[in-house]
Amino acid sequence: MNEEVIRIEDIVNILIKRWKMILSITLIATIFSAIISFLIILPKYQASTKVFIGKENTQVQGQDQTYDNTDVQMYQNLLKTYAEVIQTNDLVEKAVDLESLGLKSQYILNNLKVIPRADTQILEIQYINEDKVLARDILDSVTTQFIKSSTELIPNGNVKIIESVKIPENPVSPNKKMNIAIAFLLGLMISTGLSFLLESIDNTFKTKEQMEDVLGLPVLGVIPNFLNN
C-alpha cells in the first residue's frame, strides 16, 4: 500500500486552488467583528480612585504620637477587610439612590472592583459603566460612604482619598483592535483548515500519475480540459 505524502508543493497548490474561499471567510469574519465592535457593543468607561488606609496621629501629653512598623503592617493586613466592606449591599444602598437611577445594588457590585495594592496601605477602587458621568458619580458616592463607615469600624483610622475620581475619557472596552485582529486570525485559520478538509474528502484523481499509482496501470490517454484553454 502506497503511503500518501503531502509535499509543500501540494500545500501551496491547495491554498492557491481555494484562495477565494480563504479570502472570503477571512474578510467576512473581520468585517463582522468590526461591525460588532464599532456599532453594536456599547463602550464601557472605568472610573477609578485611590484611598490611603492608616492611623491618625495623636497627641499624648503634648507630644505627637505616630504609628510604628507594627501599625503599618496591621493596616496593610486590614486592606482586604476594607475591600470586603466596600463590596457590601448595605454600603452601596446607603451610598447610591438606587430608585432614582433604576439600578439594583447587585448590578453596581458586579461592576465594582476593589484592588488592595500589595505591600502598601492603598486601596484602588474602580467602577465600570456605559455612562462615563454616572461611573464617576457612583464611584464618588461609594467612596464617600466607605470613608464614613470606616471611621465607625476603626475610630482612630485615617482614611483619605489620595487620587480623586475623574470622568474617564477613553473607554476600557471593547478593545476594537484586538477583536478585529482575533477575528482575522480565526477566519484565516478556519478557512485554511476547511480548505484542507475539503481536499482530503475529494477522492477524484488530479493527475494521471495519481491514477497510475493507484491502479498500477499505465494511462493510455487523457481527455483535454477545453474549459481552461
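What share of the 229 residues in the protein is buried? Buried residues make up 27% of them. The model is a predicted one. Its secondary structure comes to ten helices and six strands.

**Overall picture**

- The protein exposes about 16000 Å², and carbon and sulfur atoms supply 58% of that area.
- Taking contacts between residues at least 6 apart in sequence, 72% join residues that are at least 24 apart.

- An open sheet is formed by four strands in the order S4-S5-S1-S6, with antiparallel pairing.
- Its edge strands are S4 and S6, each of which pairs on one side only.
- On average, neighbouring strands of this sheet are turned by 25° against each other, direction ignored.
- Strands of a sheet pair through backbone hydrogen bonds, and the pairing can be parallel or antiparallel.
- Six bridges connect S1 and S6 in the antiparallel sense.
- Phe52 stands opposite Lys160, a residue of S6.
- Helix H8 packs on the sheet and touches S1, S4, S5 and S6. The direction of H8 makes about 15° with that of S1.

**The nonpolar core**

- The largest nonpolar core has 30 residues. Those with the most contacts inside it are Ile53, Ile86, Ile108, Leu112, Leu123, Val142 and Phe146.
- Leaving aside neighbours within four places in sequence, Ile53 is in contact with Tyr75, Leu79, Tyr82, Gln121, Leu123, Phe146, Asn158 and Val159. Two of these partners, Leu123 and Phe146, are also listed among the core residues with the most contacts.
- Leu91 is in helix H5. Leu91 counts as buried because its relative accessibility is 3%, under the 20% cut-off.
- Beyond neighbours within four places in sequence, Leu91 is in contact with Val85, Ile86, Val142, Gln145, Phe146 and Ser149.
- Leu91 and Ser105 are 14 residues apart in sequence, and their C-alpha atoms are 9.1 Å apart in space.

**Helix H9 and its partners**

- Helix H9 covers residues 176–200, which is 25 residues. From its first C-alpha to its last it reaches 36 Å, close to the 36 Å expected at 1.5 Å a residue.
- Which residues of H9 are buried? They include Ala183, Gly187, Ser191, Ser195 and Glu199.
- An α-helix has 3.6 residues a turn, so residues three or four places apart point the same way.
- The buried residues of H9 pack against helix H1 (8–17) and helix H2 (19–40).
- Arg18 lies in the loop between H1 and H2. Is Arg18 buried or exposed? Arg18 is buried, because its relative accessible area is 18% and the cut-off for buried is under 20%.
- Leaving aside neighbours within four places in sequence, Arg18 is in contact with Ser195, Leu198 and Glu199. Ser195 and Glu199 are among the buried residues of H9.

- A cis peptide bond joins Ser173 and Pro174, with omega at about 0°. Pro174 is in the loop between strand S6 (157–163) and H9.
- Asp119 is found in the loop between S4 and S5. Asp119 has a positive phi of about 60° although it is not a glycine.
- At 74% relative accessibility, Asp119 counts as exposed, because the cut-off for exposed is over 50%.

**Lys132 in helix H8**

- Lys132 is placed in helix H8. Lys132 counts as partly exposed because its relative accessibility is 28%, which falls between the cut-offs of 20% and 50%.
- Lys132 and Ala47 are 85 residues apart along the chain, and their C-alpha atoms are separated by 7.5 Å.

Methods: Residues numbered from 1 in each chain as written. Predicted model: local features only at pLDDT ≥ 70, side-chain atom pairs only at ≥ 80, totals over all residues. Heavy atoms only, no water. Helix = DSSP H or I, 4+ residues; strand = E, 2+ residues; numbered from the N terminus. Expected span 1.5 Å × (residues − 1). Buried < 20%, exposed > 50% of the residue type's maximum accessible area, 1.4 Å probe, protein only. Contact = heavy atoms within 4.5 Å. Areas by Shrake-Rupley, 256 points an atom, 1.4 Å probe, with all protein chains shown as cover. Core = buried A, V, L, I, M, F, W, Y, C linked by side-chain atoms within 4.5 Å. Pairing = 2+ DSSP bridges. Axes fitted to C-alpha atoms, helices over the stretch in contact; angles between N-to-C directions.
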